[in-house]
Amino acid sequence: MDASFHIPNWWYVMPMPLYSFLEEYDFSGKTVIPFVTSASSGFSGTIGTLKEMLPDAVIVENGLHIPMRNVSEADGEVADWIASLGFTQ
């Protein structure tokens, strides 16, 4: 199974519990499809961090960033992004 998970960026980095989660599980051969919410930092260095932490996984680089002020109206944008990745709801 591939992995898609929401990454809340806090001051330009992932929160520490997410680092612990990534270290605990084996993502070898998995495809990780990141999406992030943040106040303003976007992905910052998160994609690079994921590549470093999960060298045996495929990290999709065209992840989705939703600014926190737009989350409540982001349904259409999220649906379009999911469809662009080849998934259906």
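This is a predicted model: local features need pLDDT of at least 70, side-chain atom pairs count only at pLDDT 80 or more; totals for chains, interfaces and linings use all residues.

What is the mean pLDDT of the protein chain, and what percentage of its residues reach 70 or more?

Analyst: Residues are numbered from 1 along each chain as its sequence is written, and side-chain values use heavy atoms, with hydrogens and water left out.

The pLDDT, the predictor's confidence in each residue on a scale from 0 to 100, has a mean of 83 over the protein chain, and 84% of the residues reach 70 or more. Among the elements, the lowest mean pLDDT, 56, belongs to strand S1 (residues 3–8), and the highest, 92, to strand S3 (residues 58–59). Helices (H or I, at least four residues) and strands (E, at least two) are DSSP runs, numbered from the N terminus. The protein chain contains 3 helices and 4 strands, in the order β-α-β-α-β-β-α from the N terminus on.

Strand S2 spans residues 31–38. Buried denotes under 20% relative accessible area, exposed over 50%, and partly exposed the range in between (1.4 Å probe, protein chains only). Of the 8 residues of S2, 6 are buried, so this strand is largely enclosed by the rest of the structure. Over the protein chain, 35% of the 89 residues are buried.

Two strands count as paired if DSSP finds at least two bridges between them. S2 pairs with S3 in the parallel sense over 2 bridges, and Thr31 has Val58 of S3 as its bridge partner. With strand S4 (residues 64–67), S2 also pairs in the parallel sense, over 4 bridges; here Ser38 stands opposite Pro67 of S4.

Lys30 lies in the loop between H1 and S2 and is partly exposed, at 25% relative accessibility. The C-alpha atom of Lys30 is 7.8 Å from that of Asp56, although the two residues are 26 residues apart along the chain. In the loop between S2 and helix H2 (46–53), Ser44 has a positive phi of about 45° despite not being a glycine. Ser44 is partly exposed, with a relative accessibility of 39%.

Helix H1 (residues 16–24) has Leu18, Tyr19 and Leu22 as buried residues. These three cover an arc of only 105° around the axis (taken from the directions from the helix axis to the C-beta atoms), which puts them on the same side of H1. On the other side of H1, the exposed residues are Met16, Pro17, Glu23 and Glu24.

Lys51 is partly exposed at 37% relative accessibility, whereas Glu61 is exposed, with a relative accessible area of 55%.
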